[in-house]
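Hi everyone, thanks for coming. I'd like to walk you through one interface and the sheet beside it on the screen.

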Amino acid sequence: MTIDIDIDDNQHLSNLDAKDIARRYGAELVELETLRYGLLEVARDMHESLVRSSFSPIVRDIQDCTAAIHMRTDAGWETVASREGAMQHAFTAQHMCNFLMEEWDEASLQPGDTIFVNDPWRGAIHQSDVNLFRPIIIDGRVEFVLHSTSHVLDLGGAVPGGFANGVQTHFEEQLKFPPTLLYAGDVPVRPAFNYILENTRVPSSLLGDLRALYGCLAVGDARLRELVDRFGLALVRAGGQYGTDRIEQSMRAAIAALPDGDYPVEDFIDEDGVTDEELRIAATVRVRGDSIEVDFSGTSRQPLGNVGTAWIEGTRCVQGIKMVLDPHSPVNSGTLRPIEALLPAGSAVCTLPPSSVSNHLDIGSRNINMMTTAMSMALPEHGVAPDSGNFAAMMIGGFDDRHGHEGPWAGAILPGGAWGGTYKSDGLTSVTPAIGACRSSVWEHIERESPIVPLMHEFLPDSAGAGFHRGGFGGIFTLLPLATTYATITGDRSKRGAPGVNGGGSGFPFYAWLVPGDDPSVVLDPFDLRGCEPLFGVFDGQGRPVADDGVFGRGARYQTAKVAGLELKPGYALRVLFGGGGGWGDPLERPVDRVLEDVQAGLYSPEFVERAYGVVLSSSDEVDVDATTRLRAELADARKDGKWTVPAACPTNWIV
Amino acid sequence: MGVERLIFAPPSEQFLHVQRTPVEATCPQCGSGDVARYPVANYVGPRIVTKCQTCFHHLSVDVPTADDHWPPWRSATLDWPSSRAG
Ligand SMILES: [Zn+2]
């Protein structure tokens with residue numbers, strides 16, 4: 001059976017009834033719906049197989065991994081279904097497949113061939129995110145390409161764990177693989193495996209992960225063929241086309257509802273880990289009819305350090321747009337179709353080789369925040385404030401010399417972050433920023449597999465940007481090493497926290513200290529700084545964190561929050577405080593009972609709510625209504641006169 | 001084509017911009033004469049678009065040629081015959 005798909009018809013799907021749809025796609029609506037969900041189920045099965053069979057905690061616990069199905073279309077290769085653990089992969093997968101298939105000689109492909117790619121200049125996010133592709137050949141032609149992605153713990157290079165802070169070229173980062181045959185007809189290519197396994201610090205974990213990435217493609221191969229055997233190739237393809245058209249229509253309808261206009265946005269990266277130069281990330285979001293152009297012109301030149309990206313921001317931006325405009329539909333090719341990006345070559349969003357690009361987290365978070373801000377300008381009633389903008393990501397490892405555990409080890413720690421307040425509600429607390437939206441680490445697993453003890457992982461009071469809807473709260477994470485451990489810390493928004501919108505205040509910035517580990521009263525009190533060595537942050541002259549008018553790096557070991565090779569000795573703990581999200585709307589308008597609730601929950605201190613919300617407490621469970629009314633009026637007047645702005649979130653009760 | 005598009009010097013300008021080259025054309029969709037040609041990342045990958053700047057109607061969407069230098073980098077072996085291993 002062959003089905004002609006008339007995709008030139010300009011009629012929106014929503015205007016068509018079931019008969020029209022059947023005419024357009026050559027199949028009944030119920031079959032098309034069955035198959036678009038059938039493809040999603042294949043992707044889900046692949047993803048579940050990947051998570052269940054992976055070795056490294058990044059995949060197994062954090063779920064920094066994704067599975068996708070690409071289909072041959074007139075345009076090239078389009079993603080008809082994906083299932084993600086890390087949201088960003090769903091937006092970047094399609095370009096990678098097209099780069100690969102334009103380059104690889106299709107005639108040489110055989111069933112069971114599997115190709116390995118982690119090259120950022122061929123669409124990978126960074127070298128740590130590795131991708132396996134498996135062509136599905138049906139009747140002699142590649143019709144689908146199955147794709148699995150995960151972050152791996154180590155792929156060699158100068159800095160264990162891959163966030164190669166401080167280096168200036170990709171040569172010093174993880175091994176970079178242009179498309180490389182990893183399985184030839186389901187047989188492992190031994191030279192490729194040897195090359196990979198002999199150049200990593202954790203061959204056991206990496207081999208497990210590579211087999212999981214391959215195995216989930218074999219699962220997808222079997223499931224997809226079941227679908228094709230049952231329904232026929234033409235119908236499965238029609239279902240894929242219908243599914244992407246439906247998502248495209250959903251995105252276009254949401255874009256068409258925006259006022260046409262140009263929405264300029266910018267955000268900043270503190271520095272690049274090599275120089276103290278601040279990076280400007282700029283974009284003009286142009287809305288015309290039912291399409292959008294995101295022009296990154298005006299962005300800083302590529303940094304010397306590793307905080308730029310090679311190619312991905314052009315589709316990663318779509319994530320921020322979708323979050324506001326069409327948050328509920330699954331991501332596929334249709335999500336990307338209405339949007340084009342302009343990436344200035346040589347800028348931080350289109351760095352030229354051999355630049356280093358291993359820390360994509362900060363620029364990616366800015367990109368998402370900028371897009372939600374632009375959408376908030378177009379739809380002021382749908383505003384979303386920026387998130388904490390960093391994951392407090394840590395790669396840790398070393399040699400475990402404890403009796404019975406001897407050997408090299410590596411792990412990843414993702415304590416999390418917080419989201420900004422929105423037009424609807426307060427921001428989410430204790431979540432990773434939106435580019436990942438993956439899980440944070442599982443501490444029981446970390447303790448079992450690594451010579452470290454996570455001592456604290458909890459909310460950080462006074463860290464959420466003040467607002468009518470406040471940001472989510474940031475957190476405290478403290479770890480105690482039991483053997484000498486080397487840590488890479490990757491973070492930003494350390495000079496200033498996540499900005500607020502619509503009059504909201506900013507969140508608390510990102511900080512770290514080395515803490516004497518022998519006194520439980522000190523190590524378990526995040527506000528007790530006695531004997532602690534500040535690693536990075538904004539401080540006053542006494543070493544107290546001050547978010548609004550301190551000096552970045554004053555008295556600290558580092559002038560950056562992008563650190564590699566930090567030696568942690570048993571007896572000293574590493575403590576990080578990560579900031580909250582920005583606030584949405586005027587905090588002086590936030591209902592006082594909601595402010596009181598946060599104080600009673602231990603999330604805000606009475607001192608901070610008085611400074612930022614103008615709410616005066618007469619006791620721990622009572623608001624002084626008259627004093628509050630007076631103070632709020634005074635602060636509002638002072639703001640009008642330019643003498644008061646909403647203070648950045650910052651705890652005040654430090655012990656120094 | 002060889003290895004000349006593998007390694008680049010970083011740019012000297014502080015901020016970078018994408019140039020839009022004006023094209024003599026009229027938009028068939030809205031009649032505007034404001035049409036330009038420039039490199040983009042569209043939904044499948046790098047493309048060169050000729051596009052109405054008023055309504056964003058595409059007059060053409062082209063796969064970049066070697067002369068377009070888009071993206072700037074390029075595999076050294078792109079035109080080589082392929083082996084069983086790629
Ligand atoms: Zn036009």
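So, how much area do chain A and chain B bury between them? About 3700 Å², with 59% of it on carbon and sulfur atoms; buried area here is the accessible area (1.4 Å probe) that two parts lose on being put together, summed over both.

A quick word on the ground rules. This is a predicted model, where local features need pLDDT of at least 70 and side-chain atom pairs count only at pLDDT 80 or more, while totals for chains, interfaces and linings use all residues. Residues are numbered from 1 along each chain as its sequence is written, chains are lettered from A in the order in which they are written, and side-chain values use heavy atoms, without hydrogens and water.

Back to the interface. On chain A, 55 residues are in contact (heavy atoms within 4.5 Å) with 42 residues of chain B. There are five salt bridges between the two chains, meaning a side-chain nitrogen of Lys or Arg within 4 Å of a carboxyl oxygen of Asp or Glu. One of them joins Glu293(A) and Arg20(B), at 2.8 Å, N to O.

Strands are DSSP runs of E, at least two residues, numbered from the N terminus, and two pair if DSSP finds at least two bridges. Thr299(A) sits opposite Leu16(B).

Now the sheet in chain A: open, seven strands, antiparallel, in the order E2-E1-E5-E4-E3-E6-E7. E2 (76-84) and E7 (187-188) of chain A each have a single partner strand, so one side of each lacks a neighbour in the sheet.

How values were computed:
Helices (H or I, at least four residues) and strands (E, at least two) are DSSP runs, numbered from the N terminus.
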